[in-house]
Each structure stands twice: as structure tokens, then as C-alpha cells.
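This report covers strand pairing and helix packing. The structure comes first.

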There are 2 protein chains.
Amino acid sequence: MQKIMNQVQLSKQLKVSCESCSLSELCLPRGLSTKEMNILDDHIERPRNLSQNAQLYQPGDKFTGFYAVRSGGVKTYLTKKTGEQQILGFHLPGEVFGLDGMENGKQRCYATTLENTSYCILPYDQLDHLCETIPELRHQVCQLLGHEMNCDHSHLLLLGQQTAHERLATFLLNISSRFKHRGFSPTSFMLPMSRHDIAGFLGIAVETVSRLFKSFQEKGIVIINRKQVDIINLDKLNNMVANCEETD
Amino acid sequence: MQKIMNQVQLSKQLKVSCESCSLSELCLPRGLSTKEMNILDDHIERPRNLSQNAQLYQPGDKFTGFYAVRSGGVKTYLTKKTGEQQILGFHLPGEVFGLDGMENGKQRCYATTLENTSYCILPYDQLDHLCETIPELRHQVCQLLGHEMNCDHSHLLLLGQQTAHERLATFLLNISSRFKHRGFSPTSFMLPMSRHDIAGFLGIAVETVSRLFKSFQEKGIVIINRKQVDIINLDKLNNMVANCEETD
DNA sequence: TCTATAAAATGACATGGATCAAGTGTCATA
DNA sequence: TATGACACTTGATCCATGTCATTTTATAGA
């Protein structure tokens with residue numbers, strides 16, 4: 001009996017169950033009962049690890065399920081034939097991505113790690129099946145999908161209507177609030193991505209990112225040292241995007 | 001008996017059932033059996049009509065369900081506080097929109113008619129409930145959501161990486177293929193939206209749209225007369241976007 | 001038919017960011 | 001600690017596109 005318990009413990013440990021995962025309140029299981037969470041848990045592939053700049057999938061790959069970041073970070077992107085990357089999103093611990101493959105069972109974009117990264121896969125077939133019996137999970141999934149869409153829509157507003165200044169300010173505030181949401185400092189953090197990736201996300205040139213960081217610093221809004229960001233004057237930063245989004 | 005039949009007929013007619021709707025193969029019921037379609041049908045609100053430039057919803061409104069265009073056209077958009085519109089999508093007959101409200105039960109964007117428009121509403125609660133028992137419907141909804149995401153992602157690539165020429169060419173080809181999909185000519189059609197809206201969708205100025213249309217015409221690619229578009233040289237138009245998207 | 005109003009086109013000019021070309025800093029490995 | 005590779009910064013220049021002003025065309029209503 002003791003032996004069995006130990007095996008269960010071990011299995012739980014290896015599996016890094018949702019229940020024991022510090023990110024479960026941010027991730028898909030959010031809002032599920034312990035019982036429901038454990039059912040979901042049984043279907044999740046145990047964490048996989050990848051080093052920096054490793055590819056998770058690329059266009060044409062079979063869509064197998066949703067991805068959840070445990071640690072590290074991932075970028076998803078499309079490319080022009082000439083090679084330029086349009087980065088669609090940065091995905092930080094606790095966040096789920098790779099939902100767009102649902103259209104036809106094939107991936108449409110690239111997914112690459114920003115640094116050493118650990119992630120889980122939630123197999124789509126099983127998630128779909130569980131949705132039949134767990135209305136709350138269905139609700140979670142729909143909420144997640146809606147959230148993704150709204151993120152994309154804000155991103156469209158940014159790319160279509162904002163100046164380079166506004167874009168970078170919006171970006172910093174966005175990252176800041178996501179760190180805050182995970183319980184970290186919203187004003188002092190390390191960017192997990194390169195200048196090149198920031199540029200690719202914001203639809204501007206790398207050089208512009210450099211110059212704007214310098215300009216923000218000269219205005220006393222932030223202090224930037226390589227990837228370390230310290231927001232000195234959050235109000236000023238907020239003011240820079242004040243005209244960008246309707247708040248209700 | 002005859003009377004009852006007539007009532008049923010009348011009711012069906014008023015309701016403009018999915019089964020009798022010429023767009024059902026393009027719309028959400030696509031792929032459902034007749035029986036399943038009729039179940040879905042019973043929960044769909046009969047078509048409503050709106051004249052041009054009428055608002056369907058705005059940010060903050062309660063999210064009640066998905067919208068399906070029967071005739072006419074709808075734009076969804078976000079705005080900056082300064083008033084500029086970033087148009088997120090144009091929605092033509094047979095297309096479903098308004099899915100982003102799923103995140104928190106509130107609309108996040110504006111939806112306005114481009115012309116006299118008829119549309120159906122698929123109440124979310126009931127759709128959710130039906131998804132429990134009709135796996136095929138669940139599959140349809142997920143496919144639809146995936147499609148929306150991929151549309152948004154292509155739009156992000158367009159806004160982030162394409163020149164004004166490429167954007168307008170991509171736009172024309174996109175509209176063209178959607179007309180084709182509905183069984184209309186892909187090379188001769190009327191644009192349902194204004195220059196202003198095209199500009200708002202492509203993230204460029206109205207004047208640029210005018211100038212580029214003229215330039216395209218001078219190159220013998222299209223003939224444009226107000227809202228009437230005739231694509232003369234589809235190859236040339238395709239070449240303009242050849243470097244924009246990876247095709248697999 | 002005339003008039004008012006809005007939509008679209010056109011022209012002149014200005015500029016935000018891209019591009020190109022060096023330079024500098026940082027990190028990993030020998 | 002040297003060396004190479006790469007990320008980042010900085011400066012100079014240019015151009016695609018925005019902005020502003022005006023004209024033309026289409027549309028709706030009296």
C-alpha cells in the first residue's frame with residue numbers, strides 16, 4: 001500500500017499535475033472544481049522542455065492540441081516569403097496558445113521558444129470530449145478563445161492606428177500587466193524577447209525600438225538596461241497611450 | 001389539416017429556416033444533418049433587418065450570441081479616443097461574426113451595417129447547450145473560431161509587414177475570393193464599403209486608397225468605377241502579393 | 001431640376017520611420 | 001584573455017505615405 005502511494009506520488013510529481021501547478025489559477029483549469037481539474041489533468045501531456053530558439057511547430061504541422069506555457073516563453077509568428085516575421089503573440093507562463101490550428105487541423109503559424117521553456121499539451125480530441133460532460137470546462141475554453149480574439153483585435157488597433165511611440169508604450173504596459181497578473185513586480189522585470197522580436201511584434205524596425213527606448217529613458221519614463229526594464233513613471237507611460245483605446 | 005400545414009409553411013417562411021436558406025452551406029449549419037440543422041434552427045432568432053449605417057452593438061453591450069449575415073454587410077471595428085476606426089473585419093452574407101464577446105459576456109467592439117442588412121442571431125446559451133449533444137456542431141463552432149483567428153492573423157501580417165500597395169492588392173483578392181465562394185464572379189463585383197472603410201481596414205489614409213486604385217488602373221490590373229470593381233489581370237494582382245504570404 | 005451634402009479624387013507639401021552603414025557592447029568558447 | 005559571433009545602438013539619409021487644401025463627382029431631398 002505504501003508502495004502504491006509512493007508510485008502515485010511519483011507519478012503525480014512526474015506529471016506535475018494541474019492541481020499542484022502554481023499556474024493553475026492562470027491557466028485553463030481556472031475555475032474548475034478539484035474533481036474536474038483532476039479529470040482534465042489525466043489527459044494532459046506531462047511537461048516537455050525545450051531550449052532557447054527551439055521550434056514547437058510550424059505551418060503545415062498536424063494540430064494536436066492547445067499549448068500551455070509552464071516556464072520560459074514562446075512567440076508565435078507568420079512570415080513573408082522575404083523572411084520578415086510578423087509576431088502574433090508572446091506567450092508567458094500560465095498562458096495558452098496554438099488555438100488557431102482548430103480551423104482545419106493544421107498549424108498555420110510558427111511557434112518558437114524565446115528562452116529555455118517548459119510547456120504542457122492539452123490534446124484537442126480529449127479536450128473536446130471532456131467539454132461534452134464538463135460545462136464549466138466548455139465555458140473556460142470559450143472564454144479563452146474570446147480572450148485570444150480580443151488580444152488580436154487590440155493588436156490590430158495597435159498596428160493599424162498607433163504611432164511607433166504609442167506602440168512601444170502599449171507594449172511595455174501590456175507586458176507589465178501580465179507580470180503583475182502573475183504576482184511579479186509590474187514596474188521592474190526582464191523582457192524575455194529580443195529587440196528584433198519586439199520590432200516584429202510592433203511592426204516597426206529594430207532601430208526604431210532602440211531609439212524609442214532611449215527617448216523614453218531621456219524623458220524619465222523608464223530605465224532600460226539591455227533586457228531589464230524599470231518603469232519609473234507609470235503615469236507618463238499611461239498618458240502616452242491615453243488616446244489609443246476606448247476604455248469603458 | 002390544410003390550415004395547419006399553411007401555418008407551418010408560413011412559420012417556416014417567416015422564420016426563413018436554415019434548411020431553406022441559400023446560405024446554409026456557407027454558414028454555421030454547414031455539415032450538419034437535416035435533423036441537426038432543424039434542432040439548431042429552432043433556436044435561431046428570425047432575421048432582423050437594418051438599414052445602412054445602423055449599429056448592431058457597441059462596446060459594453062451584453063453579448064447574447066453569434067451573428068450571421070443573411071444579406072447586406074457589416075463592419076466590426078475598434079476606435080481610438082481620437083475617433084479613428086480600426087476596422088477588424090467586413091462580414092458578408094453567410095459569414096458569422098461577433099464571437100469575441102465570449103470572453104466576458106460583453107461586446108468589445110462596434111458592429112455597424114455597410115448597407116441594408118438582414119441577419120440572424122444564434123443565442124449563445126442555447127448554442128452552448130446544443131454543443132453538449134451535437135458533437136458535429138461543436139466541431140463547426142471550433143472550426144469557425146479557428147477560422148476567425150486565422151483571418152485576424154493574416155490581417156496582423158498585412159498591417160505589420162505589408163506596403164500600402166500590397167495591402168490593397170491583398171484586400172481585393174480577399175474580397176474576390178469571398179464573392180467566388182458564394183458563387184458570384186470573382187472578377188466583377190461591387191464593393192459594399194466606402195473608401196473610408198477600406199482605409200480603416202488597411203490602416204492607411206483614404207487618399208492613399210484613391211491614389212492606389214488609380215495606379216492599379218493605370219497598370220491595367222483593374223478597372224474601378226466608384227464601387228464597381230473589375231479585375232482585368234488577376235495574375236498581376238496575385239504577383240503584387242506574391243511575397244506576402246507563405247503558401248504551403 | 002436645382003440644391004445641399006457627403007464621398008471621392010487630386011495636388012502640394014511635410015514627416016515619421018525605414019534603410020543603410022558604422023560603431024559598440026556582451027557573451028560564449030578556446 | 002583573446003576571438004568571433006551576434007545583439008544592440010547610433011548617425012545620416014531618403015522615401016512612402018500622411019496631412020491639408022481644393023476640386024470634382026455622386027446622391028438625396030426639396
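## Pairing in the sheet

Gln55(A) stands opposite Thr112(A), a residue of S7(A). The model is predicted. Two bridges join S2(A) to strand S7 (residues 110-113) of chain A. These two strands run antiparallel.

The sheet of chain A is open and has four strands, in the order S2-S7-S4-S5. Its pairing is antiparallel. Strand S2 (55-57) and strand S5 (85-91) of chain A stand at the edges. Each has a single partner strand, so one side of each is left without a neighbour in the sheet. From one strand to the next, the twist averages 30°.

## Helices on the sheet

Helix H6 (residues 195-202) of chain A packs on the sheet. H6(A) touches strand S4 (74-79) and S5 of chain A. The direction of H6(A) makes about 105° with that of S5(A).

The other chain contributes too: H4(B) lies across S4 and S5 of chain A. H4(B) runs at about 120° to S5(A).

## The H4 pair

Helix H4 (residues 135-161) of chain A packs with helix H4 (residues 135-161) of chain B at an angle of about 20°. Their axes are 10 Å apart. Because angles under 35 degrees count as roughly parallel, H4(A) is roughly parallel to H4(B). The crossing of H4(A) with H4(B) is left-handed.

Residues making the contact include Leu145(A), Met149(A), Leu156(A) and Leu159(A) of H4(A), and Leu145(B), Met149(B), Leu156(B) and Leu159(B) of H4(B). Glu148 and Asp152 of both chains are also among them. The contact residues divide into eight nonpolar, six polar and four charged.

Methods. Residues numbered from 1 in each chain as written. Chains lettered and ligands numbered in written order. Predicted model: local features only at pLDDT ≥ 70, side-chain atom pairs only at ≥ 80, totals over all residues. Heavy atoms only, no water. Axes fitted to C-alpha atoms, helices over the stretch in contact; angles between N-to-C directions. Parallel < 35°, antiparallel > 145°, perpendicular 65-115°, else oblique. Left-handed = near helix turned anticlockwise from the far one by under 90°. Contact = heavy atoms within 4.5 Å. Nonpolar A, V, L, I, M, F, W, Y, C, P; charged D, E, K, R; others polar. Pairing = 2+ DSSP bridges.
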